[in-house]
Every structure is written in structure tokens, then in C-alpha cells.
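Here are my notes on this model, for reading alongside the coordinates. Please take the points in order.

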Amino acid sequence: MRPARARKKIVAPASWEDIPCGDYYRAALEQQLQPWWGKLYGFHLLKIGALSAEIDAQACPISHQVNFAPEGEGLHVQGDPYCLPFAAKSVDACLLSHTLAYADDPHRILREVDRVLIDDGWMVLSSFNPLSLLGIGKLMPVFRKRQPYSSRLFTQMRLLDWLSLLNYEVMVHRRFHVLPWKKNGGKLLSTHLPALGCMTLIIARKRTFPLTPTAKKVLAQKQKIPQAVGATKSYREEHRD
């Protein structure tokens with residue numbers, strides 16, 4: 001298995017339009033996210049990356065949505081995704097639409113997202129699936145330097161493993177859009193063979209479990225039930241007469 005950290009910097013597209021059939025990918029991802037937007041709640045939704053900024057999230061009840069990326073259009077905050085300019089535990093949900101696919105150090109981005117997410121916060125991430133027709137195209141030297149084959153393709157199991165190490169509970173994980181050159185991704189194939197989908201979607205929640213007992217619990221454990229106040233059996237027998 002190749003290391004997660006890459007030596008060469010990967011140039012991320014500034015828009016879905018910079019990717020061949022990018023509008024198809026964006027529409028397919030938005031369709032998969034539609035039934036989940038209503039389940040996200042809170043005050044702040046952070047979209048990390050130029051591709052995430054273009055995802056339609058109007059159905060999400062979180063009103064304050066911040067588009068963050070190093071560069072691009074329609075951004076609210078511009079900066080480095082490896083050093084998010086937000087306070088710890090200040091964001092309710094984060095969207096990483098193919099952000100890890102164009103990151104030279106995806107572990108660092110995940111740690112930053114974990115830092116800014118509140119407890120029980122939501123992480124929504126998508127990526128390209130190497131075990132698909134798109135992954136086969138990456139093996140061809142002719143396409144290797146073109147979009148989206150120039151991106152990094154991580155298997156779904158590897159992404160799930162990273163999230164488990166950060167103690168995230170995966171709510172849903174799926175693959176979809178089997179035929180990348182089709183607008184609907186090949187509806188028949190996508191229905192019966194979703195494992196061959198060229199896109200991966202994972203929705204997870206940040207979970208925290210206390211490893212040490214709190215002070216209140218320790219005091220509660222030390223407290224003992226006092227003995228009942230009153231005459232004992234031997235006292236009653238001696239003073240019966």
C-alpha cells in the first residue's frame with residue numbers, strides 16, 4: 001500500500017467544469033446528498049475545497065455555510081486547508097467533496113477537520129473509486145496526467161479505516177455512478193452493480209468517549225450508604241421487660 005502522504009504537490013481543479021464530465025459527477029453527488037441534508041443540524045457548515053463550494057446545500061437546515069479554499073470563486077474565506085483558521089470545536093458539519101483526492105497529506109486535513117468539529121459533528125466526504133472504470137483509466141499512461149485521473153484514488157475501505165482511527169461512527173458509505181461518461185451514470189448498472197461506481201460517499205459523525213472517570217463520578221463511588229438509625233435487635237431484647 002502506498003503511503004498517504006505524497007511527495008509531489010497535486011494541483012486541484014478550481015471548478016467541476018475543469019474536470020471532463022465534471023457536471024455529471026457534481027449532479028450525481030448532489031443527488032446522493034439530498035436525503036441527508038435534512039439530518040444535519042447546527043449553526044455552521046464548512047465546505048472545504050473549491051469543489052465543495054459548488055455543491056448545492058440549500059436543503060441543509062444549517063443556515064451559516066462557509067466556503068473555504070486556497071483559491072477559487074464564490075469563497076467566503078481563503079486560506080490553507082492544512083491550517084484551518086477556525087477555533088477548536090466551532091463547526092457543526094464539514095463537507096470535503098474530493099478534497100482528499102487532491103491533497104498531498106490527507107491525514108493532516110482529516111486531523112484539522114476533527115479539531116474544528118464539535119462533538120457529534122458531521123463529516124461528509126466524497127472521492128473517486130479506484131476499483132471502477134475511472135480507476136482503470138488511471139492505469140493508462142496516456143490519461144494519467146489528465147483530470148480526473150491525476151487525482152489520488154483511495155479505496156473506500158482505506159477511507160473508513162482513517163475515520164475509525166479518529167473515532168468516527170460511519171452513518172452511510174456507498175459507491176455510485178458506474179459509467180463516468182453518462183449523465184445518470186448508467187442507471188441500470190448503478191442500481192444492480194453499485195460497487196463498481198466511480199464515486200464514493202461517506203457520511204460519519206464524530207464520537208467522543210470519556211477514558212477517565214470524572215470527579216463527580218469518583219465522589220459518587222466513594223459514598224457509602226449509612227446505617228439505619230434506630231434500636232438494634234440486641235437492644236430491643238435486653239429492654240423488652
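Where does H1 bend, and which proline follows within four residues?

1. The bend in H1. The model is a predicted one. Helix H1 bends at Gln31, by about 25 degrees. The proline is Pro35, which follows within four residues. H1 covers residues 22-37, 16 residues in total. Its first and last C-alpha atoms are 22 Å apart, close to the 22 Å expected at 1.5 Å a residue.

2. Helix H5. This helix spans residues 156-165. Its buried residues are Gln156, Arg158, Leu159, Leu160, Trp162 and Leu163. They pack against helix H3 (106-116) and against E5, E6 and E7.

3. After H5. Check the backbone at Asn167, which follows H5. Its phi is positive, near 65 degrees.

4. Strand E2 and its neighbours. How many of the six residues of E2 are buried? Five are, so to speak, under cover in this strand, residues 64-69. E2 runs parallel to E1, and five bridges join the two. His44 has His64 of E2 as its bridge partner. E2 also pairs with E3 (residues 77-78), again in the parallel sense, over two bridges. There, Ala69 is partnered by Gln78 of E3.

5. The chain as a whole. The chain has eight helices and seven strands. Of its 241 residues, 43% are buried. Take the contacts with a separation of 6 or more: 66% of them are between residues 24 or more positions apart. The accessible surface comes to about 14,500 Å². Carbon and sulfur atoms account for 56% of that surface.

Definitions and conventions. Residues numbered from 1 in each chain as written. Predicted model: local features only at pLDDT ≥ 70, side-chain atom pairs only at ≥ 80, totals over all residues. Heavy atoms only, no water. Expected span 1.5 Å × (residues − 1). Bend = angle between axes of the 7 residues up to and from the residue. Buried < 20%, exposed > 50% of the residue type's maximum accessible area, 1.4 Å probe, protein only. Contact = heavy atoms within 4.5 Å. Areas by Shrake-Rupley, 256 points an atom, 1.4 Å probe, with all protein chains shown as cover. Pairing = 2+ DSSP bridges.
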